[in-house]
Amino acid sequence: MSSQDLSTLISRAERVLAQLEAWLPPAPPPVNWDCVAFRWRTNGTRGWLEGVSHVATIQPDDLHHIERQKSIIERNTRHFLAGKPANNVLMTGARGTGKSSLVKAMLAKFADQGLRLIEVDKSDLGDLGYIIDLISKRPEHFIIFSDDLSFEEGEAGYKALKSVLDGSLASPGDNVLIYATSNRRHLMPEYMKENLSTSTSADGEIHPGEAVEEKVSLSERFGLWLSFYPFKQDDYLDIVYYWLGALGCPAEHIESSRTEALQWALERGSRSGRVARQFARDWTARHV
């Protein structure tokens, strides 16, 4: 092959490579380990930890009327950071009652002690093994957080989460815990037909009770279950008054907010901490 033929071949190869690079996703950026919170991002088959520049923090003292749940998760997190045995946590119950806020509050309280938070969407739970491999040698302690967790039949993340919690041959390591929130206690839908001991249909499962056990087994792999309940009216109003004061609303305006605060909750069909804070923001904006 002449030098001219070789040059032509190299030129063509470079053009082909340039076209391929245009179709390939960019290489993931390096992890900024100086961040205290991360999101797991994916692009095609690639995944990476993206540092969160502005963390939506909330302090434990901002959360009211969930003292028992707060004390339990704080104790578990302290044990985790101290290198003592600690449990994965599943928080279930009424919406807007502080489940995800409680996880963020732990980050705010313990970030200076080496606690880090990684938010993983339900659709990306199949990557848990890769995430754990990435952080297993780090000196920090990581909470992998999945919010509003629930599964339908056949979802891949179900098996991955179940394996990481308890069942895989590989240990997730001493610097990783999983905190999850859900409106479902058992994380998967259950059906009346599954309560039958036998099935009369030709294609029915012979042992439907085992299907129920399979669905319940995931939530049982969390060592701690914390339940959250709707707030009573007085508790809801107490949270409203707290946030009004925190937002700088004068005392006389706080006292006159009661009726509208109750109407606000009635319109939304919920007396929750989230609804109370949303009302306080609206009321303060209109009166301060």
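Let us begin with the nonpolar surface patch, which is made by L6, L9 and I10 and covers about 260 Å². A patch consists of residues with over 30% relative accessible area and no salt bridge; like charges are joined within 9 Å, and nonpolar side chains (Val, Leu, Ile, Met, Phe, Trp, Tyr) within 5 Å. The accessible areas come from the Shrake-Rupley method with a 1.4 Å probe, and for residues only the protein chains shown count as cover. Helices here are DSSP runs of H or I with at least four residues, strands are runs of E with at least two, and both are numbered from the N terminus. I10 is partly exposed, at a relative accessible area of 44%. By that scale, buried means under 20% relative accessible area, exposed means over 50%, and partly exposed lies in between, with a 1.4 Å probe and protein chains only.

Before I continue, please note that this is a predicted model, in which local features need pLDDT of at least 70 and side-chain atom pairs count only at pLDDT 80 or more, while totals for chains, interfaces and linings use all residues. Residues are numbered from 1 along each chain as its sequence is written, and side-chain values use heavy atoms, with hydrogens and water left out.

I turn now to charge. On the surface, R95, K104, R274, R277 and R281 gather in a patch of positive charge. Lys and Arg count as positive and Asp and Glu as negative, whereas His and the chain ends are not counted. The place of a charge is taken as NZ of Lys, CZ of Arg, CG of Asp or CD of Glu. Which helix gives the most to the positive patch? It is helix α10 (residues 273-287), with 3 residues. R277 lies in this helix, α10, and is partly exposed at 35% relative accessible area.

Side chains of opposite charge can pair when their charged atoms come close. A salt bridge is counted when a side-chain nitrogen of Lys or Arg lies within 4 Å of a carboxyl oxygen of Asp or Glu. By this rule the model has 9 salt bridges. In one of them, E119 meets R39 with N and O 3.8 Å apart. This pair links distant parts of the chain, for E119 is in strand β4 (residues 115-119) and R39 is in strand β1 (residues 37-43), 80 residues apart. E119 is partly exposed at 32%, and R39 is partly exposed at 31%.

A second salt bridge joins R78 and E74, at 3.4 Å from N to O. These two residues are separated by about one helical turn, because they are 4 residues apart in helix α2 (residues 67-81). R78 is partly exposed at 39%, whereas E74 is buried at 18%.

R138 and E140 form a further salt bridge, with their closest N and O atoms 2.8 Å apart. Salt bridges that share partners also join R39, R41, E50 and E119 into one network.

Finally, I consider two serines. S272 lies in the loop between α9 (258-268) and α10. Is S272 buried or exposed? At 3% relative accessibility, S272 counts as buried. A polar atom of its side chain lies 3.2 Å from the backbone nitrogen of V275. S256 is found in the loop between α8 (251-255) and α9, and its side chain reaches the backbone oxygen of E252 at 3.3 Å.

Key: Polar contact = N/O pair within 3.5 Å; in protein donor to acceptor, adjacent residues only side chain to side chain.
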